[in-house]
Every structure is written in structure tokens, then in C-alpha cells.
Amino acid sequence: VSVADSRPPPLEEQIALIELVDRVLNAGVVVHGDITLAVADVDLVYVGLRVLLASASTLDRLAATGDSG
Amino acid sequence: MIHLYALVRGLAALPPRGGIDGAGLRAVPIEDVIAVVGDDPPETSDREAPLEHGLAVEALTECADAVLPVRFGERFADDDALVAKISPRLGELRSRLKAVEGCVELGVCLAEPREPASGRAANGTEYMRLKLEERRLTEGLVSALHEPLDRRAHASVRRRPVGGFAHDAAYLVARDDAAIFRSIVDRFGAAHPEVTVVCTGPWAPYTFAEPETRS
């Protein structure tokens, strides 16, 4: 599976992808293995995407309703 | 090195989809709990590794009665090191496996209303009044969304919403109830076209695997 597809997937699919990665990085059983990978950089990238999506979803709704205010 | 994906019970077969970089999955039994591991690829720092970890865990939910997802990044020198770490916690892990057996996790997000009325306030007093009214409206919407979902769920965890979200929660739901749960979210969305609500999942029960680590 490639996250770098040429055309952007639908919004719901993007949210699902972020939700999955968000869970993988921030939730689940913590065992404290011999080495726990440092994921700080990856984490920041996805947290950023999550915030971006929050605003994207509202923009999307604006476009859908055609409400110019 | 080996990479730990999940702790499971009632494993029928390993999913054909491998782990990170296509690494084959292997079952390491520790009494009645099974650790699912893969050989650690030499370079796991690339951005797709967490996604591949997640997809391997999701595939496992189709093959086992109960799955406790392990957070990305847990590595061990070998099977013995893994068993030594897991064995003392078997009792606690068994009870969590029991709690999530037959269940999936569903995520529900509610975006905040896009055009707040307070933006049209003529003065400070009116702004404060509209702001309070907006907050009451949003809280009412969140309750109307969350309460019926919570009643359907075995457990729920509300996360502190990040920018743009009024509600961000995870629900532990019996696998057979997932469709009904989604239809409740859909009905809410249809009744409230002024807001955007998104339901994601079913996921492996990440949020309920180690509850004390979540806020």
C-alpha cells in the first residue's frame, strides 16, 4: 500500500488513514521492549495532517453547500 | 531483532499479508497468549512503517478471537527477550483480551460549526453572549451524538479534541453491533446537516488495549 498515490483519496479515506496511524503511534499495549523506536518525527507529521484535515472537512462542507456567507 | 505487532487469543491462522516491508509474521505462544511478531526489517524509520504495522494488526482481527494491538515501535533482541517481558504481565493481558473479545473500535469525530455566529457580533457584550450560546449549542450536539452511542458501546474514551473538532471519541462495540452503531451516527448526521460527523473503523481496539495511557 502506498500513501503517495498520484490523486488524493476521498476525504473520508484520508481521515481513516490518519485515524489508523494516530492509533498505531499513540495507542495500543506498551511493552517497553529492548528498543522502542523513536517516532517523534512521524508523530509530528501525522498530528499536523490531523489538524489540517479538521479544517479541510469544514472547507469541503462549505464547497458542498455553496454557502458564500 | 523482532518487531511485535499484537497479542492475541484464539488465532486460527496468520494473515497472508505480512508485516512491515512484507516481513513474514510468526506466532510466539506464551502460555495461552500468542505474541505475533515479524523479523525486524533493517530500516523501519520510513513513514510507511507505522501504516504497515497498522494494516498487519487490522488483518489479524480477521484471524483471531481477541486482539490487543501493540503500539508501533516495540522491538526485542529475540523470542526469549520478548517472553521474559510478557510473562510477568500475563494475568493483566488475559483480562484485557477478555474485555475486547468479539469487539471492534469505532471512532467518531464531530467538526465544530464552521461559521460561528459570534463572528457577526456588533460589540463585545454581544460577542460574549453569542459565544456562550454557541458553546451551549455545541455541548448539546455533542451530548445528543455521544449518549446514544455510549449506550451501544461496552466502553468509550473521549479524547481532548484537537483544532476544529468538537468531539473526538473511540467506542468499543461488539462486532455484530458495528453496523447499528454506524447507522446511529448516520442518522445524527442526517438530522444535523449544519455539522460534519465522521465515523471511522472498525479498528482493532487500540484505545482499549491500555486504557490508562489515554487521557
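From the N terminus on, the elements of chain A run α-β-α, which comes to 2 helices and 1 strand. Helices (H or I, at least four residues) and strands (E, at least two) are DSSP runs, numbered from the N terminus. This is a predicted model, in which local features need pLDDT of at least 70, side-chain atom pairs count only at pLDDT 80 or more, and totals for chains, interfaces and linings use all residues. Residues are numbered from 1 along each chain as its sequence is written, chains are lettered from A and ligands numbered from 1 in the order in which they are written, and side-chain values use heavy atoms, with hydrogens and water left out.

Chain A has 69 residues, and 36% of them count as buried. Buried means under 20% relative accessible area, exposed over 50%, and partly exposed in between (1.4 Å probe, protein chains only).

## A sheet in chain B

Now for chain B: an open sheet of 4 strands has the order 7-8-6-9, with antiparallel pairing. Two strands pair if DSSP finds at least two bridges between them. The edge strands, strand 7 (155–158) and strand 9 (197–203), each pair on one side only.

Strands 7 and 8 of chain B run antiparallel and are joined by 4 bridges. Within strand 8, Ala170(B) is the bridge partner of Val157(B).

## An aromatic pair

How many aromatic pairs are there over all chains? The count is 1. Tyr171(B) and Phe181(B) form this tilted pair, with 5.2 Å centre to centre and 55° between the planes. Rings of Phe, Tyr and Trp (its six-membered ring) pair if their centres lie within 6.5 Å; planes under 30 degrees apart count as stacked, over 60 as edge-to-face and the rest as tilted.

Tyr171(B) lies in strand 8 (residues 165–174) and Phe181(B) in helix 5 (residues 178–191) of chain B, so the pair ties together parts that are 10 residues apart in sequence. Tyr171(B) is buried, with a relative accessible area of 0%, and Phe181(B) is buried with a value of 0% too.

## The largest nonpolar core

A nonpolar core is a set of buried Ala, Val, Leu, Ile, Met, Phe, Trp, Tyr and Cys residues joined through side-chain atoms within 4.5 Å. The largest one has 27 residues, and those touching the most other members include Val29(A), Leu4(B) and Leu68(B). Helix 3 of chain B gives the largest share of this core, 4 residues.

Leaving aside neighbours within four places in sequence, Leu68(B) is in contact (heavy atoms within 4.5 Å) with residues including Val29(A), Leu93(B) and Ala209(B).
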